[in-house]
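Please look over the briefing below alongside the sequence and the coordinates.

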Amino acid sequence: YFSNTYSFAGFTNFLLGLASIIFIYFISNKIDKKRESYQLLSTILLCLVYLFKINITTEVVLVVVFLEGFIKQFFSIVSNNNYYLLGYDLDKTTYICSNAFFLNASRAIILVIGFFLTGSLPKLMYFCIGLLVLSGFVPFKINKKVL
């Protein structure tokens, strides 16, 4: 937003990676014990970070990127654990392939529909953030025997 240099892009990616590593190392084991209760919280926090990233044009974006590293991993760990637990009783190969297919197909459909509905990139980003908020309300039936 405020710098057109490659060093800035590299530094922001370094901050994002560092925050992700710190989060995974220290906090991910605690999240595994109570996955279901963190889905809505992680989704809302991720949407807030994306809204800040879209609307911030100053050096504060580095702080937001560092926070994104934590929150993105938080969301990823919670949602991936829930999705994988859904397929615990299914054939593993079929579940992984069908999950990847439906996830990527839905992304493509959402982007095409969103682009034609909104007509501009910022509006498309707000549209996708709105859809991401809805994903926080998806209930997961978690098999308690697995936990």
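The side chains of Glu68 and Lys72 meet in a salt bridge, with N and O 3.6 Å apart, where a salt bridge is defined as a side-chain nitrogen of Lys or Arg within 4 Å of a carboxyl oxygen of Asp or Glu. This is a predicted model, in which local features need pLDDT of at least 70 and side-chain atom pairs count only at pLDDT 80 or more, while totals for chains, interfaces and linings use all residues. Residues are numbered from 1 along each chain as its sequence is written, and side-chain values use heavy atoms, with hydrogens and water left out.

**Salt bridges**

- Glu68 and Lys72 both lie in helix H3, 4 residues apart, which is about one turn of the helix; helices here are DSSP runs of H or I with at least four residues, strands are runs of E with at least two, and both are numbered from the N terminus.
- Lys72 has a relative accessibility of 34% and counts as partly exposed, given that buried means under 20% relative accessible area, exposed means over 50%, and partly exposed lies in between (1.4 Å probe, protein chains only).
- Through salt bridges that share partners, Lys53, Glu68 and Lys72 are joined into one network, and the structure holds 2 salt bridges.
- Glu68 also forms a salt bridge with Lys53, for which the closest N and O atoms are 2.8 Å apart.
- That pair links distant parts of the chain, since Glu68 sits in helix H3 (residues 61–86) and Lys53 in helix H2 (residues 39–55), 15 residues apart.
- Glu68 is buried, at a relative accessible area of 2%, whereas Lys53 is partly exposed, at 22%.

**Cysteines**

- The count of disulfides is 0, a disulfide being a pair of cysteine sulfur atoms within 2.5 Å.
- Cys47 is buried, with a relative accessible area of 3%, while Cys128 is partly exposed at 27% relative accessibility.

**Chain and helices**

- Of the 147 residues in the chain, 30% are buried.
- Helix H2 has 17 residues and reaches 25 Å from its first C-alpha to its last, close to the 24 Å expected at 1.5 Å a residue, where the expected span is 1.5 Å times one less than the number of residues.
- The buried residues of H2 are Gln39, Ser42, Thr43, Leu46, Cys47, Val49 and Ile54.
- Seen down the axis of H2, these buried residues fall within an arc of 160°, so they line one face of the helix; the arc is that of the directions from the helix axis to the C-beta atoms.
- Helix H5 (residues 121–135) has 15 residues that should span 21 Å at 1.5 Å a residue, and its end C-alpha atoms are 21 Å apart, which agrees.
- In H5 the buried residues are Leu124, Ile129 and Leu132, and viewed down the axis of H5 they fall within an arc of 140°, so they line one face of the helix.

**Nonpolar surface patch**

- Leu40, Ile44, Leu48, Phe52 and Phe137 make a nonpolar surface patch of about 460 Å².
- Patches are made of residues with over 30% relative accessible area and no salt bridge, like charges being joined within 9 Å and nonpolar side chains (Val, Leu, Ile, Met, Phe, Trp, Tyr) within 5 Å.
- Accessible areas come from the Shrake-Rupley method with a 1.4 Å probe, and for residues only the protein chains shown count as cover.
- Leu40, one of the patch residues, is placed in helix H2 and is partly exposed, with a relative accessible area of 31%.

**Contacts of Phe70 across the sequence**

- Ser20 lies in helix H1 and is buried, with a relative accessible area of 12%; Ser20 and Phe70 are 50 residues apart in sequence and 5.4 Å apart in space, C-alpha to C-alpha.
- Ile27 lies in helix H1 (residues 6–33) and is partly exposed, with a relative accessible area of 34%.
- The C-alpha atoms of Ile27 and Phe70 are separated by 9.6 Å, the two residues being 43 residues apart along the chain.
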